[in-house]
Amino acid sequence: MMTTTEQNPSARPEPTVDELEQEGDIAADFVEGILDIADIDGDLTLDVRAGRAYVSVENEQADALSLLADPDTVQALQELTRIAVQTKTGRFSRLILDVGGSRDARRGQLQKLVERAVERLDDGASQASLPPMSSYERKLIHDIAAEHGLVSESYGEGADRHTVLRRG
């Protein structure tokens with residue numbers, strides 16, 4: 001008899017809090033190594049929320065993390081960190097990495113993107129397509145769209161997956 005995972009490989013059991021804490025510890029060790037190589041000081045904070053491990057890197061000096069806080073750099077570092085976690089645990093990781101508040105900054109950018117889409121809908125468009133983005137960013141878009149009373153759906157595959165917004 002086939003297991004659920006064999007029938008549908010994307011159906012994975014939700015990780016336990018202990019497993020997520022383990023992911024956070026492995027990720028923190030990996031990120032600390034990167035910070036050491038780059039000679040960048042940073043304080044790491046680990047958290048588990050909504051079925052994901054969160055690792056945040058902070059520094060009291062605003063520009064100390066600027067080299068790593070660019071959204072594309074954070075995304076790349078997050079992917080490398082996920083690979084490091086998966087290599088150690090043998091499990092897929094949905095870990096979220098934040099460097100110097102970059103996630104809050106990105107949420108603000110996505111908020112503005114949704115507001116521009118609302119303007120297009122107000123001007124008579126039946127729907128507004130947003131550019132491709134990561135699953136985490138699409139999740140934020142869905143949340144922000146819901147706050148605006150919009151319906152949001154994701155379309156496409158892989159790197160082309162994007163969100164379309166319309167009135168409810």
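This is a predicted model: local features need pLDDT of at least 70, side-chain atom pairs count only at pLDDT 80 or more; totals for chains, interfaces and linings use all residues.
**Exercise 1. Work out the handedness of the H5/H6 crossing and what builds it.**

Residues are numbered from 1 along each chain as its sequence is written, and side-chain values use heavy atoms, with hydrogens and water left out.

Next, who touches whom (contact means heavy atoms within 4.5 Å)? H5 brings in Arg103, Arg106, Arg107, Leu110, Gln111 and Val114, while H6 supplies Tyr136, Glu137, Leu140, Ile141, Ile144, Ala145 and Glu147. Sorted by class, that's 7 nonpolar, 1 polar and 5 charged. Here Ala, Val, Leu, Ile, Met, Phe, Trp, Tyr, Cys and Pro count as nonpolar, Asp, Glu, Lys and Arg as charged, and the others, Gly among them, as polar.

Last, the geometry: the axes of H5 (residues 102-122) and H6 (residues 135-147) come within 10 Å and cross at roughly 50 degrees. So H5 is oblique to H6.

**Exercise 2. Describe how H2 packs on H4.**

First the angle: H2 (residues 17-38) and H4 (residues 71-89) meet at about 125 degrees, with axes 9 Å apart. That puts H2 oblique to H4.

Then the sense: H2 passes H4 in a right-handed crossing.

Now the residues: Gln22, Glu23, Ile26, Ala27, Phe30, Val31 and Ile34 of H2 meet Leu77, Leu80, Thr81, Ala84, Val85, Lys88 and Thr89 of H4. The tally is 9 nonpolar, 3 polar and 2 charged residues.

**Exercise 3. Is Ser154 buried or exposed, and what does Ser154 touch?**

Locate it: Ser154 sits in strand S5 (residues 150-155).

Check accessibility: Ser154 counts as buried because its relative accessibility is 19%; buried means under 20% relative accessible area, exposed over 50%, partly exposed in between (1.4 Å probe, protein chains only).

List neighbours: leaving out residues up to four places away in sequence, Ser154 touches Arg138, His142, Arg161, His162 and Thr163. The side chains of Ser154 and His142 are joined by a polar contact of 3.0 Å.

Terms used. Axes are lines fitted to C-alpha atoms, for helices over the stretch in contact, and angles run from 0 to 180 degrees between N-to-C directions. Helices (H or I, at least four residues) and strands (E, at least two) are DSSP runs, numbered from the N terminus. Angles under 35 degrees count as roughly parallel, over 145 as roughly antiparallel, 65 to 115 as roughly perpendicular and the rest as oblique. A crossing is left-handed if the near helix is turned anticlockwise from the far one by less than a right angle, and right-handed if clockwise. Contact means heavy atoms within 4.5 Å. A polar contact is a pair of N or O atoms within 3.5 Å; within protein, one must be able to donate a hydrogen and the other to accept it, and residues adjacent in sequence count only if both atoms are side-chain atoms.
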